[in-house]
Amino acid sequence: MATALDRIIEYKRDEVAALKANRSMESLLADAAAASPTRGFARRMSDIVSSGENALICELKRKSPSAGEIMPGADPVAIAKDYENGGAACLSILTDFQSFGGSLGDLAAVRAAVDLPLLRKEFMIDVIQVAEARAFGADAILVILSAVDDALARDLIGAATDLGMDAIVEVHEEDELERANALPSALIGINNRDLKRMVTELETTERLAGRLAPGKSLISESGISEPAHIVRLRKTGAQRFLIGESLMKSSDRQLQCENLRKAS
Ligand SMILES: O=P(O)(O)OC[C@@H](O)[C@@H](O)c1c[nH]c2ccccc12
């Protein structure tokens with residue numbers, strides 16, 4: 001049976017074909033060269049971690065296959081400002097429309113409104129999407145290892161590096177973590193959500209965290225909704241966290257960000 005991830009990758013291939021029909025790599029690279037310089041995504045997280053606080057990547061997400069509608073009419077700029085005022089290290093902007101209700105327009109709007117480094121949260125299957133990410137102001141990309149082989153992962157990371165961006169290599173299982181350890185990116189995201197079964201378990205980080213190679217930085221992703229979750233995950237050594245749904249739904253995003261940032 002096709003998984004949720006399979007279905008997303010299938011329409012993503014059509015989107016990439018449409019992008020290639022409309023834009024040349026050269027013209028996207030020209031836009032990328034003209035974009036304002038990258039903001040140092042990994043560096044901003046390390047600065048916050050050195051100060052003793054948690055580095056939060058706060059996410060803008062209107063809906064998802066697992067949660068359904070989260071906040072259909074969300075104003076990306078207002079939410080980004082809440083996150084910035086709450087002391088977020090970086091922001092994650094979903095740009096997939098079909099499953100997550102996001103767009104590159106959200107990325108560009110947030111880029112113009114706040115100073116934080118931005119992750120383009122997207123299912124990357126072609127280097128042209130990396131150039132497009134930079135052209136719209138992204139500072140980092142996501143490389144989901146359950147969706148790409150090692151050769152493509154290397155190409156995506158290489159393209160990001162060439163454009164001055166960071167790459168988060170996302171894993172959910174032990175063999176993916178082994179692959180991530182051998183890839184040339186220092187940021188490894190352990191996704192507590194299984195993108196194939198849509199089940200979220202913080203045990204995923206607890207099980208895999210000890211297996212990161214030296215020099216890699218761990219980001220624990222998904223399913224975090226309260227300070228106690230951070231306290232628990234910090235025991236694995238995690239100091240960087242990617243949080244979406246619970247912050248989107250919070251009645252006081254800024255305060256919730258502050259509480260999660262200071263939890264220890
Ligand atoms: O909303 P949550 O449970 O806090 O999760 C955020 C983020 O980790 C999640 O949106 C995510 C992690 N990896 C992804 C890959 C694609 C789309 C979404 C994701």
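**Entry 1: terms and model**

I count a residue as buried if 20 or more other C-beta atoms lie within 10 Å of its own, as exposed if 12 or fewer do, and as partly exposed in between, with C-beta atoms placed from the backbone. I number residues from 1 along each chain as its sequence is written. The model is predicted, and I therefore note that local features need pLDDT of at least 70, that side-chain atom pairs count only at pLDDT 80 or more, and that totals for chains, interfaces and linings use all residues.

I looked up the confidence (pLDDT, given by the predictor for each residue from 0 to 100). The protein chain has a mean pLDDT of 97, and 100% of its residues reach 70 or more. For the complex, the predictor gives a pTM of 0.98 and an ipTM of 0.99.

**Entry 2: the annotated domain**

I consulted the UniProt record, an unreviewed entry, which annotates residues 5-259 as "domain: Indole-3-glycerol phosphate synthase". Its positions are in the numbering used here, feature names are shortened, and annotations may be inferred rather than shown by experiment. Over residues 5-259, I find 45% helix and 19% strand, with the end C-alpha atoms 32 Å apart. Helices (H or I, at least four residues) and strands (E, at least two) are DSSP runs numbered from the N terminus.

**Entry 3: around the ligand**

I next asked which residues are the closest to the ligand. They are Glu-221, Ser-222, Leu-242, Gly-244 and Glu-245, within a shell of 15 residues. By class, the shell holds 6 charged, 5 polar and 4 nonpolar residues. Here Ala, Val, Leu, Ile, Met, Phe, Trp, Tyr, Cys and Pro count as nonpolar, Asp, Glu, Lys and Arg as charged, and the others, Gly among them, as polar. At least two shell residues come from each of strand S12 (240-243) and helix H11 (245-249).

I then examined Ser-222, which is in the loop between strand S11 (217-221) and helix H10 (227-234). Its phi is positive, about 80°, although Ser-222 is not a glycine. Ser-222 counts as buried because it has 24 C-beta neighbours inside 10 Å.

**Entry 4: another positive phi**

I also looked at Met-198, a residue other than glycine with a positive phi near 60°. Met-198 lies in the loop joining strand S9 (193-194) and strand S10 (199-200). Is Met-198 buried or partly exposed? It counts as partly exposed, because 14 C-beta neighbours are inside 10 Å.

Leaving aside neighbours within four places in sequence, Val-143 has contacts including Met-124, Leu-156, Ala-167 and Glu-170. Leu-119 lies in strand S5 (residues 118-121). I record Leu-119 as buried because 28 other C-beta atoms are within 10 Å. Beyond four places in sequence, the contacts of Leu-119 include Phe-41, Ile-57, Leu-91 and Ile-168.

**Entry 5: three further residues**

I located Arg-134 in helix H6 (residues 127-135). With 24 other C-beta atoms within 10 Å, Arg-134 is buried. Not counting residues up to four places away in sequence, Arg-134 touches Ala-32, Ala-35, Leu-163 and Met-165. Arg-134 and Leu-163 are 29 residues apart along the chain, and their C-alpha atoms are separated by 7.2 Å.

I found Leu-183 in the loop between helix H8 (174-182) and strand S8 (187-191). Leu-183 is partly exposed, with 18 other C-beta atoms within 10 Å. Apart from neighbours within four places in sequence, Leu-183 contacts Ala-153, Arg-154, Ile-157 and Val-169.

I placed Val-231 in helix H10. Val-231 is exposed, with 11 other C-beta atoms within 10 Å. Beyond four places in sequence, Val-231 touches Ala-263 and Ser-264. The C-alpha atoms of Val-231 and Ala-263 are separated by 6.2 Å, with the residues 32 apart along the chain.

Conventions. A residue is near a molecule or strand if its C-beta atom, placed from the backbone, lies within 6 Å of it. Two residues are in contact if their C-beta atoms, placed from the backbone, lie within 7 Å.
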